[in-house]
Amino acid sequence: RAVAILERPGAPLGSLAEAHHIRGMSLLEQGAYGASALSFQQGAELRARVHGEDHIQTSRALLQWGLATHYSGDNTAARPILERALRSNRASYGDESHNVAEAVNALGMVAMSLGDVAAATAYYRQALAILERLYGPGDPLLVGFLDNLGDARQRAGELEEALTLHGRALAIATATRGADHPANANTLDHLAGAYLAMGDYRRAVDVADRALDLRRAEHGSGHHPEVAVTLHLIARIRQRGGDLAGAQRFYEQALASFEATLGPGHLHTTTVRANYGQLLRDLGDLSGALRAHERSLAELQAILPEHHDHLVAALSNLGSLYRRLGRYDEADAMLDQAMEMVVVLHGGDHPTVSTIQITQGMVAVARGDLPAAEALYQAAREGLTANFGEEHPHVTAILDHFGNLRQLEGRPDVALKLFGRARDVRVQRFG
């Protein structure tokens, strides 16, 4: 209503800009990211018109516009807005300021969403260094920056460093806010994700359950994107831990919540749909899984750049499903595309290369080409060992694949030893 009144001829442009900003903040709080981005854009353009590009109010408005555009899923559009925000903030505040750190951190978030992990890491380290120089190592303002850097290190395969960064963030948050502050849910989500990546499902689900309690205490039982983020995380953890029925319940809740708040074509919604397709495959519903995967891949190709980690995952998932369906040529085509993409994004030593090689080996087994499967499994084992160490669950899981090969070769005694070794490592790690 205030915006409508102030849009009348003769109304002060500065007041109209502030009304757009307030409306944008309200919409952002509700999870209406696209609408909030439009309000922030209108406010930012008015600020620039009234005060100039390098005014402090313009720089704040540009940053909010860029962030809301990122949250809406349009990262290609968000990047130049945030680059403009960074220039404005540097002109307004100088290089060593909180506002500049926020703009640099936001550019890191966009780079992560666009699949450029190296650029994201550089942005995050730069932003964190600015805040540490300004406020010291234990200030609560560092928490989100530490979590973002931890996510980038996890995506790069540096899991121990990721766990350390998230642990530091949680320690700061708990010491300064208290254990039950709603904002701690973000760090708990990040920490649970790190445990998931490390294969420690028991700790992962415990931490994620704590995050969900905080989310629901803040937002209630209705639909909200932040609640849906944690629901999706718990679904993934339960699926990886073998609780398929529990995972299905959480996937369906997360998908319904994202569709209600962000819409069916949003990146978050599509990502949940793809992972839900994986669950349907695990449950034996291959036709339902195929529909989910083909739809999610088409949606991702419509909203993401040509090379992106989400596309790698979607192609890999579809290739794995085609294998299950006996459509081996299509499986190979999907997996080849995924491999080419991950090498472009991260190079040939990234852990995802090994993951794709395992799936390619499974296709080779299905075709009856055991020597090709052997070579692929061996390459995957070497890659994962280099990234995670000999005793990591990702590495020992390959022993099961080698065991299957030995069975097919008529060597059951060797197969049993491999299965037993893999089991012993899992028992030692998880009980």
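User: Where is Leu141 found?
Analyst: This is a predicted model, where local features need pLDDT of at least 70, side-chain atom pairs count only at pLDDT 80 or more, and totals for chains, interfaces and linings use all residues. Residues are numbered from 1 along each chain as its sequence is written, and side-chain values use heavy atoms, with hydrogens and water left out. Helices are DSSP runs (H or I, at least four residues), numbered from the N terminus. Leu141 sits in the loop between helix H7 (117-135) and helix H8 (143-155).

User: Is Leu141 buried, partly exposed or exposed?
Analyst: Buried means under 20% relative accessible area, exposed over 50%, and partly exposed in between (1.4 Å probe, protein chains only). The relative accessible area of Leu141 is 38%, so Leu141 is partly exposed.

User: Which residues cover the buried side of this question: what are the buried residues of H7, and what covers them?
Analyst: The buried residues of H7 include Val117, Ala120, Tyr124 and Leu131. Contact means heavy atoms within 4.5 Å. The cover includes helix H6 (98-113), H8, helix H16 (309-324) and helix H17 (328-346).

User: How far apart are the end C-alpha atoms of H7?
Analyst: The expected span of a helix is 1.5 Å times one less than its number of residues. H7 has 19 residues, so it should span 27 Å. The model agrees, with its end C-alpha atoms apart by 27 Å.

User: Which residue follows H7?
Analyst: The residue there has a positive phi, near 95 degrees. It is Gly136.

User: Which residue meets Arg168 in a salt bridge?
Analyst: A salt bridge is a side-chain nitrogen of Lys or Arg within 4 Å of a carboxyl oxygen of Asp or Glu. Here the N to O distance is 2.9 Å, and the partner of Arg168 is Glu132. Arg168 lies in helix H9 (residues 159-177) and its partner in helix H7, so the pair ties together parts that are 36 residues apart in sequence.

User: How many salt bridges does a search of the whole structure find?
Analyst: One of them joins Arg281 and Asp282, with the closest N and O atoms 3.0 Å apart. The search of the whole structure finds 21.

User: What is the mean pLDDT of the chain?
Analyst: pLDDT is the predictor's confidence in each residue, from 0 to 100. It stays under 50 over residues 2-6. In the chain, 94% of residues reach 70 or more, and the mean is 89.

Notes
Helices (H or I, at least four residues) and strands (E, at least two) are DSSP runs, numbered from the N terminus.
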